[in-house]
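Take a look at the sequence and the model before reading on.

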Amino acid sequence: METSVTRALGIEQPIVQAPIGGLSNPRLAAAVSNAGGLGMIAQTWMSLEQIRESIRATQALTPRPFGINLIIDEPQDERVAVVMAAGIKVISFFWGDPKPYLAAVHAAGAIALLTVGSAVEARAAVEAGVDVIVAQGWEAGGHVWGEVSTLALVPAVVDAVGPTPVIAAGGITDGRGLAAVLALGAGAAWMGTRFVASEEALTHPDYVARVLESAETGTFHSSLFDIGWPDAPHRVLRNATVEAWLAAGRPASGQRPGEGEVLATRADGSEIVRYSSVSAAVGTTGDVHDLSLWAGQGVGLVTEVLPAGKIVRRTVSEAEAILARLAG
């Protein structure tokens, strides 16, 4: 399925795997890329050597393009330099101004993506030199930059920046969602929650179980899980931590129920306290179900764990069938 985004990124199918924080990894990114989409790895909190190792491991698993994601609320010059030196041709920026990094990206012959939450922001990004826009709707899981729904945001962004390619994010979990955003003018779907429940993701089994049992009404948008990333709105699955905070009248940080309580321990032995901004990954022990379980409103459509490659192929096949039926 050829679109403006597949041409820009050098991929075959209009599916981009969202970086999904610490759940992303070389196996997942390679599986998505090998199926024709674009796999992504979150590298914001990795050391420079860990970034190099992660890229080498992914390159060993796929000859196809994959992308690196960096959050830029703090300077990322060194990480950008390492990523470009490793030969990566797609880099995704989030939560800040990408302008300081664009010259280095383009000098390396790479393409820069930026996630935005409004048409005004998208237009400014393109004027600054961003190559592909990710329009993230409010229904997205994880950290959410804007306050506009995908249905309203995507066509507004497409109209604002055309012919710059636009990827739609937020609430897309199957071929119906892909077909819908293609109809809105996007050139690809950015899918996160669906890949949280993939065989290759590093998702803790308890987290996976919650994803599979949740309905579309089972998520909550707030800035509640703020330890490690303050003042950053996000969408998670509703759990005991959320419900206790709501029952207490939504108290401010420092006055919340169970503040400072250790809920779980990572595989490396470090502790996770309640209200931490953290991905519940395999190897974590303790009350995983009370951690920040990132998920978008499309979670109700995720009912089984599948190989990432099958997710890509099934989503595209469903979208193609829908578009053919509508055209007919």
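## Around helix α8

What covers the buried residues of α8? The cover includes β1 (15-17), α7 (150-161), β8 (166-169), β9 (188-191) and α12 (308-327). The buried residues of α8 (residues 175-183) are Gly175, Gly177, Leu178, Ala179, Val181 and Leu182. Just after α8 comes Gly185, with a positive phi of about 110°.

Some ground rules apply. This is a predicted model: local features need pLDDT of at least 70, side-chain atom pairs count only at pLDDT 80 or more, and totals for chains, interfaces and linings use all residues. Residues are numbered from 1 along each chain as its sequence is written, and side-chain values use heavy atoms, with hydrogens and water left out. Buried means under 20% relative accessible area, exposed over 50%, partly exposed in between (1.4 Å probe, protein chains only). Helices (H or I, at least four residues) and strands (E, at least two) are DSSP runs, numbered from the N terminus.

Strand β4 (residues 90-94) has 5 of its 5 residues buried, so the rest of the structure largely encloses it. Val90, Ser92 and Phe94 point one way. Ile91 and Phe93 point the other way. In a regular strand, side chains alternate between the two faces of the sheet.

Two strands pair if DSSP finds at least two bridges between them. β4 pairs with β3 (residues 66-71) in the parallel sense, over 5 bridges. In this pair, Ile68 stands opposite Ile91. The chain crosses from β3 through helix α4 (residues 77-85) to β4, a right-handed β-α-β crossover. Right-handed means that, with the strands pointing away from the viewer, the path from the first strand over the helix to the second runs clockwise.

β4 also runs parallel to β5 (residues 111-116), joined by 4 bridges. Val90 stands opposite Ile111 there. β4, helix α5 (residues 99-107) and β5 make a right-handed β-α-β unit.

## Val132 in strand β6

Val132 sits in β6 (residues 132-136). Its relative accessibility is 1%, so Val132 counts as buried. Contact means heavy atoms within 4.5 Å. Beyond its neighbours within four places in sequence, Val132 is in contact with residues including Leu9, Ile111, Leu113 and Ile167. Val132 and Ile167 lie 35 residues apart in sequence, yet 7.5 Å apart in space, C-alpha to C-alpha.

## An open sheet

β13, β12 and β14 form an open, antiparallel sheet in the order β13-β12-β14. β13 (271-273) and β14 (285-286) stand at the edges with a single partner strand each, so one side of each has no neighbour in the sheet. β12 (residues 262-265) and β14 pair over 2 bridges. Ala264 has Gly286 as its bridge partner in β14.
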